Amino acid sequence: ADPNGDCTNPSDNCGDVKWRECTMGVNCPWWVNSLKAESCTTGPDVPIGIWEIFNTRKACCNTNFAYSDFCDIQIGPDEDQPTRHPTIAAPEDDIYEV
């Protein structure tokens, strides 16, 4: 880290974690979640290689997924978020033979 506390090299540990005591969804940074399509995530530990962080979900979504219908919505615990790798299932059998 440089004298201002900013990381100068991507590494596993770049000094003290700035957001150690942040509250997720309140004052933790937001970044693009590469594991889910059109999604931003938050937390105290920004993954290695993430250089763009945002102060709100809305800012992250508007910057990265401006026309998304999914990114800036709050998903309840019983609802599924869109995924990058959707599960495709065969249609159920019916009474008609093909």
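Analyst: With the largest nonpolar core, which has six residues: Trp30, Cys40, Phe54, Cys60, Cys61 and Cys71. Such a core is a set of buried Ala, Val, Leu, Ile, Met, Phe, Trp, Tyr and Cys residues joined through side-chain atoms within 4.5 Å. Buried means under 20% relative accessible area, exposed over 50%, partly exposed in between (1.4 Å probe, protein chains only).
Analyst: This is a predicted model: local features need pLDDT of at least 70, side-chain atom pairs count only at pLDDT 80 or more, and totals for chains, interfaces and linings use all residues. Residues are numbered from 1 along each chain as its sequence is written, and side-chain values use heavy atoms, leaving out hydrogens and water.
User: What does Phe54 touch?
Analyst: Not counting residues up to four places away in sequence, Phe54 touches Pro29, Trp30, Ala59, Cys60, Thr63 and Asn64. Contact here means heavy atoms within 4.5 Å.
User: Next, Ser68. Which side chain does Ser68 join in a polar contact?
Analyst: That of Glu38, at 2.5 Å. A polar contact is a pair of N or O atoms within 3.5 Å; within protein, one must be able to donate a hydrogen and the other to accept it, and residues adjacent in sequence count only if both atoms are side-chain atoms. The Ser68 side chain also reaches the backbone nitrogen of Cys71 at 2.9 Å.
User: Is Glu38 buried or partly exposed?
Analyst: Glu38 counts as partly exposed because its relative accessibility is 32%. The phi of Glu38 is near 45°, a positive value in a residue other than glycine.
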